[in-house]
Amino acid sequence: MSKTKKKITPNSPTVDKSSKKDNYYVLKEKDHQAIMNLIGEREDELADLYMRMALLEADFVELLDAYCQFIIPNVPISKIAKTNLLAYFSYELLKPLKAVGLTQTDKENVWKSKHFDVAYELDKNNDLALSFKMEVVDTRFESAYMPLILVHPKEMTVEVDEKQVLKLIHLWHKDKIFSHNQLSLINYDLNQLLAWFKELGFEVAPSLLDNTHALKREFSSELSVDTKVLDDIFIITMESTDYDFEKIDDTHYQVKLNQEQTVDIFSENGKTRLFIDSNNRRRSILDFFTNYPFLVPLIVRN
């Protein structure tokens with residue numbers, strides 16, 4: 001029995017039955033996919049609303065967890081949820097400023113208090129940078145935001161930028177942007193924040209801003225040990241019964257202050273090196289130099 005071979009010719013092509021699928025079912029599939037997409041979008045919106053509600057009701061620990069869960073690894077969340085999380089978290093950090101009128105501004109990342117504004121923003125590592133803009137004595141001038149504090153939520157540490165602290169002294173003494181009283185108030189407010197960070201569980205390393213430690217620090221300055229500056233210090237110390245000035249040798253001088261505090265001045269290769277010893281008296285560098293302004297020209301000069 002012979003097998004019959006199917007003859008294929010150009011006039012008898014094979015037919016794909018799926019190509020003749022009823023258009024009714026094609027439309028149903030499209031509608032099904034569209035509805036699934038809408039459901040997915042609504043589920044995302046609902047999840048976002050639940051998240052925003054949870055953030056509204058969260059305490060600091062819960063906000064910290066959310067920060068580490070979403071902000072640090074840059075997990076995609078809605079812009080509103082991210083904005084709210086950063087606002088609530090920064091408020092918890094700045095709570096001590098409630099005593100000096102902490103309020104929101106029309107800028108979403110800026111808080112205002114009596115003595116300065118605080119702007120918060122994420123740095124390249126998604127840590128929270130706090131920059132401070134101080135009120136000025138003369139309203140013809142305007143100060144810039146100074147990035148003083150960096151908060152590391154994941155490591156639970158806080159850094160103070162000491163260069164910015166020294167810049168505050170420069171703006172007060174040389175540029176006359178701030179008054180003595182202003183700097184004292186700013187010093188107090190900033191130390192209230194540092195103390196609060198510690199209460200929240202952050203590790204805050206000693207810094208020039210911190211007034212909870214004795215001041216025993218060495219400073220180096222590109223400025224030379226100027227003869228006129230030394231003469232001015234000598235005159236002031238000799239006119240006061242609380243101070244004294246001693247020349248140890250040609251490159252070493254010592255200023256003796258009240259409460260047995262000392263400042264050693266060294267002239268080295270045309271530069272100035274200082275060693276400040278507050279004799280276990282707790283004070284920040286702002287507190288020190290605002291109390292002894294005649295020593296400021298050793299690090300800041302007109």
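The model is predicted: local features need pLDDT of at least 70, side-chain atom pairs count only at pLDDT 80 or more, and totals for chains, interfaces and linings use all residues. Numbering starts from 1 along each chain as its sequence is written, and side-chain values use heavy atoms, with hydrogens and water left out.

**Stop 1: the sheet of 7 strands**

Select β1 to β7. Helices (H or I, at least four residues) and strands (E, at least two) are DSSP runs, numbered from the N terminus. Two strands pair if DSSP finds at least two bridges between them. The order in this open sheet is β1-β2-β3-β4-β5-β6-β7, and the pairing is mixed. β1 (103-104) and β7 (203-204) are at the edges with a single partner strand each, so one side of each has no neighbour in the sheet.

Now pick β4 (residues 128-134) and β5 (residues 146-152). They pair in the antiparallel sense over 5 bridges. Leu130 stands opposite Ile149 in β5.

Contact here means heavy atoms within 4.5 Å. Axes are lines fitted to C-alpha atoms, for helices over the stretch in contact, and angles run from 0 to 180 degrees between N-to-C directions.

**Stop 2: aromatic pairs**

Show the rings. The structure holds 13 aromatic pairs. Rings of Phe, Tyr and Trp (its six-membered ring) pair if their centres lie within 6.5 Å; planes under 30 degrees apart count as stacked, over 60 as edge-to-face and the rest as tilted.

Zoom to Tyr67 and Phe89. Their ring centres are 4.9 Å apart and their planes are at 35°, so the pair is tilted. Tyr67 is in helix α2 (residues 60-71) and Phe89 in helix α3, 22 residues apart. Both Tyr67 and Phe89 are buried (under 20% relative accessible area, with exposed over 50% and partly exposed in between; 1.4 Å probe, protein chains only).

Next, go to Phe116 and Phe132. Both are buried. Their ring centres are 5.2 Å apart with planes at 85°, so this pair is edge-to-face. Phe116 lies in strand β3 and Phe132 in strand β4, so the pair ties together parts 16 residues apart in sequence.

**Stop 3: the sheet of 5 strands**

Select β8 to β12. This open sheet has the order β8-β12-β11-β10-β9, with antiparallel pairing. Its edge strands are β8 (214-221) and β9 (244-249), each pairing on one side only. The twist averages 15° from one strand to the next.

Focus on β8 and β12 (residues 271-282). They run antiparallel, joined by 7 bridges. Lys216 has Asp277 in β12 as its bridge partner.

Bring in helix α6 (residues 227-239). It lies across β9, β10 (252-256) and β11 (262-268), at about 135° to β9.

**Stop 4: Ser278**

Finish in strand β12, where Ser278 lies. Ser278 counts as buried because its relative accessibility is 0%. A polar atom of its side chain lies 2.7 Å from the backbone oxygen of Arg281. Now display what surrounds the serine. Not counting residues up to four places away in sequence, Ser278 touches Ala214, Leu215, Gln261 and Arg283.

Terms used:
A polar contact is a pair of N or O atoms within 3.5 Å; within protein, one must be able to donate a hydrogen and the other to accept it, and residues adjacent in sequence count only if both atoms are side-chain atoms.
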